[in-house]
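Please consider the following protein chain together with its three-dimensional model. The text below leads through selected features of the fold.

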Amino acid sequence: MPAVRVPKERAESLKERLKKLGLYDGKRRPRRDGDSVLLPVIEDPGIEGLEVLPIDLPLRPERQIYVTLEDVLREKLSEEELRHLMRYDVIGDIAVVRIAPELEHRVEDIIGGLRKVHPFLKVIARKGFHSGPFRVGEYSVIWGENRLETVHRENGVEIKVDLGRVFFNPRMKGERYRLARLVRDGEKILIPFAGVLPYALVIARRKRVKITAVELNEEAYRLGLENLELNRKRLRGEVEFIHGDAFRILPELPTYDRVISPTPRGVDALSLTLSKAGRFLHYYDFVHEAKMGEFRGRIIEHCRKTGRDCDVRIKKVSDFKPHTFKVCADVHIKG
Ligand code: SAH
C-alpha cells in the first residue's frame with residue numbers, strides 16, 4: 001500500500017479529505033518524517049502536487065479495544081450490578097465517579113475498568129454532592145496521585161480546575177459551544193457566577209468580544225486569572241474578571257448586549273441579570289418538568305414589568321434529578 005507525503009500543517013485536513021474519498025488506510029499508522037507526515041492510502045489518490053511513495057507503513061497492532069466502562073465490566077459484573085453503574089466524567093487526567101451503595105464491593109473492578117478505558121488517567125476520585133454557596137463538590141481520591149487539580153481541554157481552550165475548591169462541570173461543553181456560536185463579533189457580554197471562566201474562555205476563543213465576568217469564590221477567581229494567562233494567545237476576545245458578589249457588583253455596571261447567567265442552585269438572580277441585559281439573556285436554572293410553563297411565565301412577567309417585550313425559549317440542558325432539569329432560558333429582548 002502506498003503513502004502520501006504532506007507538510008505537517010496540512011496533514012489533518014488532507015487526512016479528512018482522504019477519508020471522505022474512501023482512500024485513507026485506517027489499518028496503518030501515519031508516520032512523522034521531518035516537517036512532513038506520511039499518510040497511509042489505499043491507492044494513489046491522484047491529487048495534483050501530492051507525492052506518492054511506494055512504502056508500506058506499519059499496520060496498527062490488533063488489540064481488543066474497549067469502548068465503554070460497561071463493556072469492560074461486563075466480564076466481571078452481573079447484569080443486576082451493571083444496572084447500578086453511574087455515568088462518570090473525565091476532567092483532564094482525573095476520572096470522577098459516583099459509586100452506588102450496591103457496587104461498594106466492586107470499587108476495585110471499577111477502578112481497573114476506568115484505567116483500561118482511559119489509559120492516560122492519573123487520578124480517580126469519588127464524588128459526593130455539590131454544596132455551599134460556591135457549589136464545590138465533595139471528592140475523595142480512590143486511586144492514583146493525591147490531587148484534584150488538573151488542566152481540562154474543551155472547545156479549543158485549556159481550563160485549569162481544582163475540583164476540591166471550585167465548581168466545574170465538563171458536561172456543559174455542548175452548552176458553551178452553542179453559546180459561542182450564537183455570539184456575534186463586537187458584542188459586549190456580562191457573565192456573573194463565572195467560576196474558573198469556562199464560558200468566557202470558550203466564547204472569547206471564537207469571537208472578537210468584550211466580556212466582563214464576576215465571581216465571588218476567591219479560589220475560582222485566582223484560577224480564572226491563571227486560565228486567562230494560559231489561553232492568552234488563543235483568545236480573540238477580551239475578558240475583564242472581577243472578584244466580588246454579583247449582587248453588589250452588577251448594579252454598578254452598565255447594560256450589556258448579552259448576559260449569561262450560570263446561576264448557582266438555589267439563587268434567584270433573574271431580575272438582577274435581566275436588568276443588565278440589552279438584547280439577550282441566557283439564564284440557567286433548575287426546574288421541575290411540571291413547572292416549565294410557570295418558569296417561562298415568570299420571565300415574561302419580569303420583562304413586562306420593566307417595559308420590555310421578550311421572546312423566551314426554554315431549553316433542557318441536562319437531567320438534574322428525576323423530573324427536574326437544568327434548563328437554559330434564552331431570552332430575546334425586543335425593542
Ligand atoms: N460558570 C461556572 C460556575 C458556575 S457555578 C461554570 O459553569 O463552571 C456558580 C458559580 O457562582 C460558582 O463558581 C460560585 O462560586 C459563584 N457564586 C456564587 N454566589 C455568587 C455571588 N453572589 N456572586 C458571584 N459569584 C457567585
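The paragraphs that follow move from the domains to a strand hairpin, a loop and the contacts of aromatic rings.

The model is predicted. The domain assignment divides the protein chain into domain 1 (3-59), domain 2 (65-147) and domain 3 (167-334). The centres of domain 1 and domain 3, taken over C-alpha atoms, are separated by 44 Å.

A hairpin is formed by E9 and E10, with two residues between the strands. The two strands run antiparallel and are joined by six bridges. Among the residues of the hairpin, Asn155 adopts a positive phi near 45 degrees. In a regular strand, side chains alternate between the two faces of the sheet. Strand E9 (residues 149-154) has Thr150, His152 and Glu154 on its covered face, while Glu149, Val151 and Arg153 make up the uncovered face. His152, from the covered face, has Ile159 of E10 as its bridge partner.

Is Asn169 buried or exposed? Asn169 counts as buried because its relative accessible area is 18%, under the 20% cut-off. The side chain of Asn169 also reaches the backbone nitrogen of Arg171, at 2.8 Å.

Attention now turns to the aromatic rings. The structure holds four aromatic pairs. One of them is formed by Phe193 and Phe247, a tilted pair with 6.4 Å centre to centre and 55 degrees between the planes. This pair links distant parts of the chain, 54 residues apart: Phe193 lies in the loop between strand E11 (188-192) and helix H6 (198-206), and Phe247 in helix H8 (residues 246-249). Phe193 is buried, at 17% relative accessibility, whereas Phe247 is partly exposed, with a relative accessible area of 37%.

Tyr221 and Phe241 form another tilted pair, with 4.8 Å centre to centre and 45 degrees between the planes. Because Tyr221 belongs to helix H7 (residues 218-230) and Phe241 to strand E13 (residues 238-243), the pair ties together parts that are 20 residues apart in sequence. Tyr221 is buried at 19% relative accessibility, and Phe241 is buried at 9%.

Charged side chains also meet aromatic rings. Which residue lies over the face of Phe280? Arg258 does, at 4.4 Å from the ring centre. Likewise, Lys316 lies over the face of Phe325, at 4.4 Å from the ring centre.

Notes: Residues numbered from 1 in each chain as written. Predicted model: local features only at pLDDT ≥ 70, side-chain atom pairs only at ≥ 80, totals over all residues. Heavy atoms only, no water. Buried < 20%, exposed > 50% of the residue type's maximum accessible area, 1.4 Å probe, protein only. Polar contact = N/O pair within 3.5 Å; in protein donor to acceptor, adjacent residues only side chain to side chain. Domains from an automatic or database assignment. Helix = DSSP H or I, 4+ residues; strand = E, 2+ residues; numbered from the N terminus. Pairing = 2+ DSSP bridges. Phe/Tyr/Trp six-rings, centres within 6.5 Å; stacked < 30°, edge-to-face > 60°. Lys NZ or Arg CZ within 6 Å of the ring centre and 35° of its normal.
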